[in-house]
Every structure is written in structure tokens, then in C-alpha cells.
Amino acid sequence: MNDEFTQRLLALHYVYPKPLNRLSPLMKDDPDLEYLRFRSPVDLAETMKIPLEKANALKRSYLHYANTPFLKIYGQQQICPLVYRDPLYPSSLQELIDPPAVLYLKGDCALLDAPEK
């Protein structure tokens, strides 16, 4: 799992908590969201089919939270964010029209990887 991608997706999801189908236009040309911070609000508005004002707010908020250590913060609260690329992400959710980009699980995340009895 790419921690840098996870960090970028968590920052995006924090400011724009939309399902994967709404975020996928951003990832079409930039699957790891490496260039999100450099995209103009006009480009974001066109790509995501949202009003320019919303794209401006999204860009501002994303830049504000881009370096927030979400994995550490969530970990302190025993919250395990499970991004759609994680091998533990339920494959059945991928079949939905609007699968969640991130699942937030509370408790012992190691139980996800435990063998079934």
C-alpha cells in the first residue's frame, strides 16, 4: 500500500467526502493524486463537473489539510481508514455504483487480517 497515496486520498476525502465514482475523474489521468495540489480550480471544476466556487473551496481546503498526518491521528483514536485499493477492502463494495473511497473502521484493525475460524 502506498502511504503517500493514502495520505493524499485521506486529505481529499476529509475535505470532499464523496464516493469513488465522484472522485474517479480526478484519478483518471493522475491515479495516485500526485498532481492534485497543482491543478487549477478551473481544471478541477471541469474535470469533476462542479461549480467553480466549489472547486475553489475544494482546492483551498485540500491544500490546507494536505500535510495533516491523518494516519497518525486516526491511529490515536483506534480508527483504521481502509482505502479502496487496500487488499482488505471488501471486493463486494467495488461492485456498487458508488463504492466508498474510504471505509473508517474503529477498533483493532489487525482483526481484519485474522484467519477465519
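The protein chain carries 14 positive and 15 negative side chains. The centres of these two sets lie 7 Å apart. The model is predicted.

**Fold**
- The protein chain holds six helices and two strands.
- Starting at the N terminus, the order of elements is α-α-α-α-α-β-α-β.
- Of the contacts with a separation of 6 or more, 58% join residues 24 or more positions apart.

**Size and surface**
- A compact globule of 117 residues would have a radius of gyration near 13 Å, and the protein chain has 15 Å, so the two agree.
- Along the principal axes, the C-alpha atoms fill a box of roughly 50 × 30 × 20 Å.
- Buried residues make up 37% of the 117 in the protein chain.
- The protein chain exposes about 7400 Å². Carbon and sulfur atoms supply 54% of that area.

**A closer look at Asp30**
- Asp30 sits in the loop between helix H2 (20-29) and helix H3 (41-48).
- Leaving out residues up to four places away in sequence, Asp30 touches Tyr35 and Leu36.

Note on methods
Residues are numbered from 1 along each chain as its sequence is written. This is a predicted model: local features need pLDDT of at least 70, side-chain atom pairs count only at pLDDT 80 or more; totals for chains, interfaces and linings use all residues. Side-chain values use heavy atoms; hydrogens and water are left out. Helices (H or I, at least four residues) and strands (E, at least two) are DSSP runs, numbered from the N terminus. The radius of gyration is taken over C-alpha atoms; the globule rule is 2.2 Å times the number of residues to the power 0.38. Buried means under 20% relative accessible area, exposed over 50%, partly exposed in between (1.4 Å probe, protein chains only). Contact means heavy atoms within 4.5 Å. Accessible areas come from the Shrake-Rupley method with a 1.4 Å probe; for residues, only the protein chains shown count as cover. Lys and Arg count as positive and Asp and Glu as negative; His and the chain ends are not counted. The place of a charge is taken as NZ of Lys, CZ of Arg, CG of Asp or CD of Glu.
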